[in-house]
Number of protein chains: 2
Amino acid sequence: MKNKIKEIRKKLGITQKRLAQECSVARQTINCIENNKYDPTLELAFRISKTLKVKVDELFIYE
Amino acid sequence: MKNKIKEIRKKLGITQKRLAQECSVARQTINCIENNKYDPTLELAFRISKTLKVKVDELFIYE
DNA sequence: GCAGGATGTCCAACACTTTGGACATTGGTT
DNA sequence: AACCAATGTCCAAAGTGTTGGACATCCTGC
């Protein structure tokens, strides 16, 4: 399960800290997800997608 | 977090057992998700979406 | 009205996600 | 070189998802 969070986040010019705040999670959570330590819960995936203004299906790549 | 799994599954005429098998999870898992006992992991959400031939963003409703 | 499939539900164990707090490393600016 | 923000990483605790196994209930067809 890959994702484009880091890429899109940087394109939008926001920090991990800021993204974490917008999604109401710890900064480590965003960091771990960006670096593929683990996948987010479905709900968090939706919150991140919403913040980054992309669809879940675009942000995460399954297969 | 709502979802249209039961609705779409029935439209396709498949059982919880069958959907579970296709997604490689226990039948209880599908049952619990359909009845909103808990949300699936992100990966399972993708597997279910793939099996039901819809996008994650269509199958799950956030907000 | 009985049988069999489909669905709902319980439980305890295990796996995975998320957390705060802390510290190390990187990178850019001056 | 020194500063400071941003990022990476560690840990143990708490929360959440998934499981097999078992049993109850609901349909539907015969």
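This is a predicted model: local features need pLDDT of at least 70, side-chain atom pairs count only at pLDDT 80 or more; totals for chains, interfaces and linings use all residues.

The surface near DNA strand D is made up of six nonpolar, nine polar and six charged residues. Of the 21 residues around DNA strand D, those that come nearest are A:Q16, B:A26, B:Q28, B:T29 and B:Y38. On the DNA side, sugar and phosphate supply 55% of the atoms of DNA strand D that come within 4 Å of the protein.

The side chain of B:Q28, by contrast, has an N or O atom 2.6 Å from a base nitrogen of DNA strand D. The elements giving two or more residues to this surface are helix 1 (5-11) and helix 3 (27-34) of chain A, together with helix 3 (27-34) of chain B, and helix 3 of chain B gives the most, with four residues.

Helix 3 of chain B also packs against helix 2 (residues 16-23) of chain B, at an angle of about 110° and with the axes 8 Å apart; the two helices are therefore roughly perpendicular. Their crossing is right-handed, and the contact is made by B:Q16, B:K17, B:L19 and B:A20 from helix 2 of chain B and by B:R27, B:I30, B:N31 and B:E34 from helix 3 of chain B. By residue class, this contact divides into three nonpolar, two polar and three charged residues.

Terms used: Residues are numbered from 1 along each chain as its sequence is written. Chains are lettered from A and ligands numbered from 1 in the order in which they are written. Side-chain values use heavy atoms; hydrogens and water are left out. A residue is near a molecule or strand if one of its heavy atoms lies within 4 Å of it. A polar contact is a pair of N or O atoms within 3.5 Å; within protein, one must be able to donate a hydrogen and the other to accept it, and residues adjacent in sequence count only if both atoms are side-chain atoms. Ala, Val, Leu, Ile, Met, Phe, Trp, Tyr, Cys and Pro count as nonpolar, Asp, Glu, Lys and Arg as charged, and the others, Gly among them, as polar. Axes are lines fitted to C-alpha atoms, for helices over the stretch in contact, and angles run from 0 to 180 degrees between N-to-C directions. Angles under 35 degrees count as roughly parallel, over 145 as roughly antiparallel, 65 to 115 as roughly perpendicular and the rest as oblique. A crossing is left-handed if the near helix is turned anticlockwise from the far one by less than a right angle, and right-handed if clockwise. Contact means heavy atoms within 4.5 Å.
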